[in-house]
Amino acid sequence: MKILSIVGARPNFVKIAPLHRAFSAYPDIESKIVHTGQHHDFIMSGIFFKQLQIPRPDHFLGINGGTHTQQTAQIMLAFEEVVLRENPDLIIVVGDVNSTLACALVAVKMHIPVAHVEAGLRSGDRTMPEEINRIMTDSISDLLFVTEQSAVQNLLRENVPSCKIHLAGNVMIDSLVYCQQYADNLNIDSKLGVPVNGYMVITMHRPANVDSIAGLTKLLEVLKSLTVIRPVIFPVHPRTLKNIHSFQLFNDFSVVQNLKLIPALGYLEFISLVKNAALVITDSGGVQEETTYLQIPCITLRSNTERPVTILEGTNHLLPDFTVDSVMQLTREILSNKTKNSNIPPCWDGNAAVRIASILREKYINS
Ligand code: UD1
């Protein structure tokens, strides 16, 4: 059985690593990786391959930048050539980025079965590009592997037959479990000169937060207040950095006392930083899950989350329509331990990819 797994953007690398490892353990599976090129820099892509021990991709499509339509269309054209050449038995897509939808659409049109890993998540916000990618990908996939119970309900509500849906766990947590041993010795906090458990980490890259001058100015004000109570480390995503520069705000960010503005980090460095943080503030999807697993408090600066289990059971707090005051109030409550107890959600145990590989073999090889 030949499987082509698609990666494009940073979070995909973290999700595909354990899947490729699980597939490669079976002699009757040939596992190949296609990298669309959506993220292409060493800091957004190369370092993840290295640290997560993913082999060089079998195909690199070299598509990046452009509008959503250009990016999606160009990936589709290039991926069609790969499918024609490889004639795979199954395509694996993960998450919700443009590469996910583009490749799923090509495969389904060519009658190749598609499995979507991390299916069924819904924010309910159709202005997010990722929400459209999720809905579309799920509606054309043959198999849907989900990370939490809410995703099962979402898919059933959209009339997906239950036989397609498998609550397999969270492959992003597989990578975290696998890599913790390598992250543990990095002591990235002491290298950055901040006290263990005495600092906060912030990540921001969603268009809704960083694509306007108003959004970035609000973020700047939040950072000025947060840094009065604890040092803040801010690894800056390229999209955010580009916008900070284009709105001529770089100077304003760089003079904030107690704020460490650093380039986007490698996977191991980021995990090491989060593990010893007092609090993480983010608008990322994956970081909400990683903090829940690591039992580190998290504030999500968005009006919704597609990952409600991180709120209901985990360490995450949603802060819609945030203001400087609301962020500061919640931060103070969290830092003085006035918040909730938390649990790690079911099946977030490091074995999701192994379960997925076994279900795929049952369905496509042993049946
Ligand atoms: C993409 C995903 C988002 C995911 C995020 C993780 C979509 C719609 N969005 O957002 O869901 O959370 O990745 O990082 O697919 N850039 C670089 N180097 C790179 C990659 C990007 O400099 O290696 C810059 C480019 O200037 C580019 C910008 O970042 O224009 C945005 O990249 P893009 O792929 O459009 O989306 P992200 O914002 O990264």
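How many strands form the open sheet that begins with β3 in its order, and is the pairing parallel or antiparallel? In this predicted model, 7 strands make up that open sheet, and the pairing is parallel. A further open sheet is formed by 6 strands, also with parallel pairing.

- Strand β1 (residues 2–7) and strand β2 (residues 30–35) run parallel and are joined by 6 bridges.
- Within this pair of strands, I6 stands opposite V34 in β2.

- Helix α3 (residues 68–86) lies across β1, β2, β3 and β4 (90–94). The direction of α3 is at about 165° to β1.
- Helix α4 (residues 98–109) lies across β1, β4 and β5 (114–117), and runs at about 160° to β4.

- The edge strands, β10 (259–263) and β13 (316–318), each pair on one side only.
- From one strand to the next, the twist averages 20°.
- Strand β8 (residues 200–203) is joined by 4 bridges to strand β11 (residues 279–282), and the two run parallel.
- M200 has L279 as its bridge partner in β11.

- Helix α14 (residues 286–294) lies across β8, β11, β12 (298–300) and β13. Relative to β11, α14 runs at about 165°.
- Helix α16 (residues 324–335) likewise lies across β8, β11, β12 and β13, with an angle of about 155° to β11.

**Packing of α1 and α7**

- The axes of helix α1 (residues 10–24) and helix α7 (residues 171–183) come within 8 Å and cross at roughly 80°. The two helices, α1 and α7, are therefore roughly perpendicular to each other, given that angles of 65 to 115 degrees are classed in this way.
- From α1, the residues in contact are P11, V14, K15, A17, P18, L19 and R21. They meet V171, M172, D174, S175 and Y178 in α7.

**Surroundings of the ligand**

- D41 places a polar side-chain atom 2.8 Å from a nitrogen atom of the ligand.
- For E130, a polar side-chain atom lies 2.6 Å from an oxygen atom of the ligand.
- K242 has an N or O atom in its side chain 3.0 Å from an oxygen atom of the ligand.

Methods: Residues are numbered from 1 along each chain as its sequence is written. This is a predicted model: local features need pLDDT of at least 70, side-chain atom pairs count only at pLDDT 80 or more; totals for chains, interfaces and linings use all residues. Side-chain values use heavy atoms; hydrogens and water are left out. Two strands pair if DSSP finds at least two bridges between them. Axes are lines fitted to C-alpha atoms, for helices over the stretch in contact, and angles run from 0 to 180 degrees between N-to-C directions. Contact means heavy atoms within 4.5 Å. A polar contact is a pair of N or O atoms within 3.5 Å; within protein, one must be able to donate a hydrogen and the other to accept it, and residues adjacent in sequence count only if both atoms are side-chain atoms. Angles under 35 degrees count as roughly parallel, over 145 as roughly antiparallel, 65 to 115 as roughly perpendicular and the rest as oblique.
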